[in-house]
Amino acid sequence: MAGASAPKRQDTRKFFENLSGAGKSIAVLTSGGDAQGMNAAVRAAVRMGIYVGAKVYFIHEGYQGMVDGGDNIKEAKWESVSSMLQVGGTVIGSARCKDFRTHEGRLKAAHNLVQRDITNLCVIGGDGSLTGANLFREEWSSLLEELLQQGLIDEEATQRNSELHIVGMVGSIDNDFCGTDMTIGTDSALHRIIEVVDAIMTTAQSHQRTFVLEVMGRHCGYLALVSALACGADWVFIPEMPPEDGWEDNMCQKLSENRADKKRLNIIIVAEGAIDRHNKSITPDYIKDLVVRRLGFDTRVTILGHVQRGGTPSAFDRILASRMGVEAVLALLEASANTPACVVSLVGNQAVRLPLMECVQMTQEVQKAMDEKKFDEAVRLRGRSFENNLSTYRLLSFRKADSELPNGEEEAGDEEQIDSSFNVAVMNVGAPAAGMNAAVRSAVRVGITEGHKMFAVNDGFEGFYKGQIKEIKWGDVGGWTGQGGSLLGTKRTLPGKHLDKIAEQMRIHNINALLVVGGFEAYVGLLELAAARDKYEEFCVPMVMVPATVSNNIPGSDLSIGSDTALNAITDTCDRIKQSASGTKRRVFIIETMGGYCGYLATVGGLAAGADTVYIYEEPFDIRDLQANVEHLTEKMKTSIQRGLVLRNENCNENFTTDFIYQLYSEEGRGVFDCRKNILGHMQQGGAPSPFDRNFGTKIAAKAMQWITRTLKESYKGGRVFANSEDTACLLGMRRRTLVFQPVAQLRDETDFVHRIPKEQWWLKLRPLMKILAKYKTSYDVSDSGQLEHVTRVRPKDSNTSTAI
């Protein structure tokens, strides 16, 4: 997607203490359609700007406010962005502005900025807003010249404001901007869609109905595609990939097959911009009439409309927007006359900067390709993330009839006949995590499509040695994506003591490959099985693990299935807890989160909820730190923000317990604030999986299954499967920008087995960010950011190992 990742420069780390904003003025505006998370971006940009010593202004009502000037341009204070993190839309207002499209309008806008010495703009909006900002920048010197000639500004002001710097952040629920995996608002819009689909499924199930849902996306099918993946829809219509002619017959056939297969409901998702091969629009009503006419099914249409733009931002959007806001200010501080206007965006889980116009041009090329009916080209230009979603959807959506399944004939090489029907077992190990079921469903269906016989193991390794293994068919996993917990059943038992019995079961069922979806026990279990290969030939088969645990503590992967759902649970609860204090004055909440020794949930949850302090095991603290934190909160209570939020990871310190910290804060804060404590407990493990976890689980398990097929073919010799090399027992994890298969044996050195965490954790670099946004002075390593990359179209050479989420 974006060019190669920047080389690590550990020894030459840059710290932003050297970047001062003194004497600079930054203005923040939101423009175009609103999106959830814009407020988080505004808050982060304002606070980071003030933190580095710059003057920060709000421009209310987008470009309209810039043209009108006056009270629309106001200086922002630290407190002015308090309490907006959890609010949807944009607090500073947005408008579609005709005036700014005219030369006179832009002249007025330039005059309003120069009067306040504002030469740095942080624009949050869609591609139209960002293109406008770029044009404004290109005209800047001629606009100043004109103002000078009209006598509206003097020579000195012209000199002082000679350069205009622009950094953009993309706020758009459609995710229609090239160069970035996710735009601000997309994840929240998916949350709204999935909430609706989950609700509709229960009523459709009761009445055996077909529902046609229209979701937003005039020119981009991202929301439709991902929500179809996340709820297992029967059919999806998107503008980038119009259906083949004769789709009406195919769709009706598929719907009636599903009904015949005891499926009580059908869901069809339509993007509002859906078209057929002849550019004729496909409407929900047309589809409804078709289904009623041909099949006589009871069919209803639901148009989601502006519900998708509304509501509170998801945890993902808050974190994305907060990271982007801080990165935008850094980019403005580092900008010079010859750096192009850039957008800060996310690729994988890494912040990058890309030239604004390159992204805009590529976004426009998608539309051009669609207009010219070059649909494959349009999909390619949308980027890897979109392509992967589409290919996964295709893999899962079409059930092959038994007659079509490969049975070995066509795959046979010259030397020997391959029996292509391998037996592959799937199991869950460890504690339940939301999204596990989506992963199992995906693995089972992809496995069946690839010609394997799939077996489900119940209750983890314990069920394995007890022989709780049975074949699992396509229809058995229907409707699994939206279910929380683990439907296969899962246990923390390790295989080490039961190797004999497990080997025996593998022999009885002739298991040729193993896919394990689970947490730290799954990782340790796989290590134990791989280590026992010398003794037991049964374990000499391809084995792969997909990380699923709320704690996100698996070495070899930056993210694990289930942690996004847990983060949302923490964020929602913190929002409610904070709101409970809105009537009372001066209250501090101490909240304990899960995670074992891993501080991921506490740290990232703290960033999303706007915590003042977060205590974790990875960053040791002593009584002096606790005292400093209490003093910090006492100072905060003197301002207009009169509540505090403190998160504590359950195992951060054996002596400084949640009770101890609560009592300490209560005593030290006596007379200034009072305290309350909450232990969030197992609500972090339950609940329906978030759209991200459903999608991540679906894609990563499909990829793992394809690896199993490849590895089985490579290790099939002399009529049997034999795989005992290190690289045939792998963990599939997300590293920075790509999904990578890593031999578990090689991950051993990266693991702290006593505390069950990886030795290095990427999210620790988000901690300074959280501290800055809570007004602590801290050191922030910015060597990870700062390289301007280019939007490239180079296809990754080996598409097997790299894929964006």
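The model is predicted, so local features need pLDDT of at least 70 and side-chain atom pairs count only at pLDDT 80 or more, while totals for chains, interfaces and linings use all residues. Residues are numbered from 1 along each chain as its sequence is written, and side-chain values use heavy atoms, with hydrogens and water left out.

## The chain as a whole

The protein chain has 24 helices and 27 strands. Helices (H or I, at least four residues) and strands (E, at least two) are DSSP runs, numbered from the N terminus. The radius of gyration is 28 Å, close to the 28 Å that the globule rule gives for 805 residues, so the chain is as compact as a globular protein of that length. That radius is taken over C-alpha atoms, and the globule rule is 2.2 Å times the number of residues to the power 0.38. Along its principal axes, the C-alpha trace spans about 90 × 70 × 50 Å.

Of the 805 residues, 61% count as buried. Buried means under 20% relative accessible area, exposed means over 50%, and partly exposed lies in between (1.4 Å probe, protein chains only). The accessible surface of the chain comes to about 30600 Å². Carbon and sulfur atoms hold 48% of that surface. These areas come from the Shrake-Rupley method with a 1.4 Å probe; for residues, only the protein chains shown count as cover.

Helix H10 covers residues 315-334. Its 20 residues reach 29 Å from first C-alpha to last, close to the 28 Å expected at 1.5 Å a residue. The expected span is 1.5 Å times one less than the number of residues. H10 is mostly covered, with 19 of its 20 residues buried.

Helix H17 (residues 520-531) has 12 residues and reaches 17 Å, close to the expected 16 Å. Because 9 of its 12 residues are buried, H17 is largely enclosed by the rest of the structure. Its buried residues include Phe-520, Tyr-523, Val-524 and Leu-529. Glu-521 is also one of them.

## Salt bridges

A salt bridge is a side-chain nitrogen of Lys or Arg within 4 Å of a carboxyl oxygen of Asp or Glu. The count comes to 35 salt bridges.

| Pair | Closest N and O atoms |
|---|---|
| Glu-195 and Arg-192 | 3.4 Å |
| Glu-244 and Arg-277 | 3.6 Å |
| Lys-771 and Glu-619 | 2.7 Å |

Glu-195 and Arg-192 sit in helix H6 (residues 186-207). They are 3 residues apart, so about one helical turn separates them. Glu-195 is partly exposed at 44% relative accessibility, whereas Arg-192 is buried at 11%.

Glu-244 forms a salt bridge with Arg-277. Glu-244 lies in the loop between strand S7 (235-237) and helix H8 (247-260), and Arg-277 in the loop between strand S8 (266-271) and helix H9 (284-295), so the pair ties together parts that are 33 residues apart in sequence. Glu-244 is exposed at 53%, and Arg-277 is partly exposed at 23%.

Lys-771 forms a salt bridge with Glu-619. This pair links distant parts of the chain, 152 residues apart. Lys-771 is in helix H24 (residues 767-773), and Glu-619 is in the loop between strand S19 (613-615) and helix H20 (623-637). Lys-771 is partly exposed at 23%, and Glu-619 is partly exposed at 28%.

Asp-117, Glu-156 and Arg-160 are linked in a network of salt bridges.

## Single residues

Asp-174 lies in the loop between strand S5 (165-170) and H6. Asp-174 is buried yet has no salt bridge. The nearest side chain of opposite charge, Arg-309, is 5.8 Å away. Here Lys and Arg count as positive and Asp and Glu as negative; His and the chain ends are not counted. Leaving out residues up to four places away in sequence, Asp-174 touches several residues, including Met-216, Arg-218 and Tyr-222.

Most residues other than glycine have a negative phi. Phi of Ser-83 is near 65°, a positive value. Ser-83 lies in the loop between strand S3 (73-75) and helix H3 (103-115), and is partly exposed at 37%. Phi of Asn-510 is near 50°, also a positive value. Asn-510 is found in the loop between helix H16 (499-508) and strand S16 (513-518), and is partly exposed at 45%.

Key. Contact means heavy atoms within 4.5 Å.
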